[in-house]
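The exercises below concern a single protein model, and each is followed by a worked solution.

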Amino acid sequence: MRDHVRSADGRLLRVEISGDPRGRPVFLLHGMPGSRVGPRPRSMVLYQRGTRLISYDRPGYGGSERYPGRRVADVVQDVASIADALGVERFAVAGRSGGAPHALACAALMPQRVTRAAALVGLAPRGAEGLDWFAGMASSNVDEFRTAFTDPDRFTARLIPRSAAIRRDPVRLLEDLRPELTADDRQIVSDNTIRSMLLRNYREALRTSPYGWIDDALALTGDWGFEPAEIRVPVLLWHGIEDVFSPASHSSWMAARIPRATAVLEPTAAHFAALRALPKVLAWLLADVPAWPGSRRGRTASAPGAADGARGGPARPRAQSPAPR
């Protein structure tokens with residue numbers, strides 16, 4: 001197994017592979033801030049599903065060298081370099097939160113190599129026509145994204161000391177988020193196993209610099225370098241309707257524009273519920289028939305309850321009010 005790969009332009013990328021080394025390959029693109037060691041299904045689950053999970057640190061995070069001024073579309077050359085180094089020709093790709101638009105970039109710009117793509121609790125492009133981009137978004141995220149878009153120098157100056165504080169004590173990031181977490185999200189991040197994975201993830205993400213996080217935010221609020229409507233491979237868009245960090249209206253907007261998209265909206269879930277959904281998402285990515293496991297086919301489907309497997313009613317996208325600080 002290789003834990004370092006050189007990109008096409010010579011940058012060092014840190015890679016981690018888990019699961020079945022002979023399994024079907026899936027790239028898992030981490031959130032923001034995040035790293036290759038971010039939350040994932042247990043190795044036993046990956047083995048049972050015959051999955052070879054490939055993760056890497058986006059530039060500026062963890063052990064990957066920075067790529068200043070990168071766009072979302074620039075993920076493609078890095079994923080292609082890693083796949084080539086591993087001898088992988090065709091693969092599926094999944095991205096969670098800040099990684100979701102990067103997964104869609106791979107689907108749009110590498111249709112000859114990407115079999116299917118999944119975007120969990122992702123964002124739509126900034127300035128998406130007909131979408132109130134900030135509606136339903138927590139005030140902390142509104143402030144961060146708006147500053148990144150309107151005053152990137154100020155955003156960078158603010159994030160550098162914040163990143164240093166989180167690197168010293170990763171619990172601080174979860175504590176910063178706690179006032180805006182739903183009850184369901186609080187329960188998820190309080191689970192000892194998930195909490196341990198998240199803290200390890202945040203510490204590794206910011207271990208060498210704050211610029212992975214900075215460059216991610218600037219890329220997400222800038223020109224992505226592709227249009228979602230260009231995507232021709234099957235896409236699964238998973239979202240919790242109660243999400244206040246990346247509102248579900250973003251996935252609904254994407255579903256209306258990506259030709260082969262299925263949107264799964266979980267009525268009672270929020271942002272961190274995507275961690276519990278990941279095993280089923282992997283099953284969809286590697287299934288022979290592009291349908292959400294256990295639910296009807298269609299443009300928009302209701303998902304089984306993440307906690308107990310009970311089916312909810314049909315999920316309808318709706319606007320949400322900004323959460324209080």
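**Exercise 1. The second largest pocket**

How many nonpolar, polar and charged residues does the lining of the second largest pocket have? Describe this pocket and its lining.

Solution. The model is a predicted one.

Step 1. By class, the lining comprises nine nonpolar, three polar and six charged residues.

Step 2. The second largest pocket holds about 430 Å³ of space. Its lining is made up of 18 residues, and those nearest the centre are Arg40, Pro41, Arg42, Ile194 and Met197.

Step 3. Two or more lining residues come from each of strand S2 (12–19), H8 and helix H11 (274–286).

**Exercise 2. A residue of that lining**

Is Pro41 buried or exposed?

Solution. 

Step 1. Pro41 belongs to the loop between strand S3 (24–29) and helix H1 (43–48).

Step 2. A residue counts as buried when its relative accessible area is under 20%. Pro41 has 10% relative accessibility and therefore counts as buried.

Step 3. Leaving aside residues up to four places away in sequence, Pro41 touches Leu46, Leu278, Pro279 and Leu282. The C-alpha atoms of Pro41 and Ala277 are separated by 9.7 Å, although these residues are 236 residues apart along the chain.

**Exercise 3. The largest pocket**

Which elements give two or more residues to the lining of the largest pocket?

Solution. 

Step 1. The volume of the largest pocket is about 560 Å³. Of the 29 residues in its lining, Met32, Pro33, Asn141, Leu177 and Phe245 are the closest to the centre.

Step 2. The elements that contribute two or more residues are helix H4 (139–150), helix H5 (152–168), helix H6 (171–177), helix H8 (192–205) and helix H9 (211–221). The largest share, five residues, is supplied by H4.

Step 3. The lining of the largest pocket divides into 13 nonpolar, eight polar and eight charged residues.

**Exercise 4. The crossing of two helices**

At roughly what angle do the axes of H5 and H9 cross? Identify the residues that make the contact.

Solution. 

Step 1. Two packed helices are described by the distance between their axes and the angle between them.

Step 2. The axes of H5 and H9 come within 9 Å, and they cross at roughly 145 degrees. The crossing in which H5 passes H9 is right-handed.

Step 3. On the side of H5, the contact is made by Pro152, Phe155, Thr156, Leu159, Ile160, Arg162, Ser163 and Ile166. On the side of H9, the residues are Tyr211, Trp213, Ile214, Ala217 and Leu218. By class, the contact has ten nonpolar, two polar and one charged residues.

Step 4. With residues up to four places away in sequence not counted, Thr156 touches Tyr211 and Ile214. Thr156 counts as buried because its relative accessibility is 17%.

**Exercise 5. The cavities**

How many cavities of 30 Å³ or more does a search of the whole structure find?

Solution. 

Step 1. The search finds three such cavities.

Step 2. About 110 Å³ of space lies in the largest cavity. This cavity is lined by 13 residues, with Leu28, Leu29, His30, Gly38 and Pro39 nearest its centre. The lining of the largest cavity consists of four nonpolar, six polar and three charged residues.

Step 3. The second largest cavity has a volume of about 50 Å³. Among the residues that line it are Ala100, Pro101, Leu104, His250 and Met254. Helix H3 (100–109) and helix H10 (249–255) each give at least two residues to this lining, which has seven nonpolar, three polar and no charged residues.

Step 4. In H3, nine of the ten residues are buried. Ala100, Pro101 and Leu104 are among the buried residues of H3.

**Exercise 6. The protein as a whole**

How many helices and strands are there in the protein? Which percentage of its residues count as buried?

Solution. 

Step 1. The protein contains eleven helices and nine strands.

Step 2. Of its 325 residues, 59% count as buried.

Step 3. Among contacts with a separation of 6 or more, 77% are between residues 24 or more positions apart.

Notes: Residues numbered from 1 in each chain as written. Predicted model: local features only at pLDDT ≥ 70, side-chain atom pairs only at ≥ 80, totals over all residues. Heavy atoms only, no water. 1 Å grid on protein atoms, 1.4 Å probe; cavity = no way out; pocket = protein on both sides within 12 Å on 5 of 7 lines; lining within 4 Å. Points joined across faces, edges and corners; volume = space filled by probe spheres on them. Helix = DSSP H or I, 4+ residues; strand = E, 2+ residues; numbered from the N terminus. Nonpolar A, V, L, I, M, F, W, Y, C, P; charged D, E, K, R; others polar. Axes fitted to C-alpha atoms, helices over the stretch in contact; angles between N-to-C directions. Left-handed = near helix turned anticlockwise from the far one by under 90°. Contact = heavy atoms within 4.5 Å. Buried < 20%, exposed > 50% of the residue type's maximum accessible area, 1.4 Å probe, protein only.
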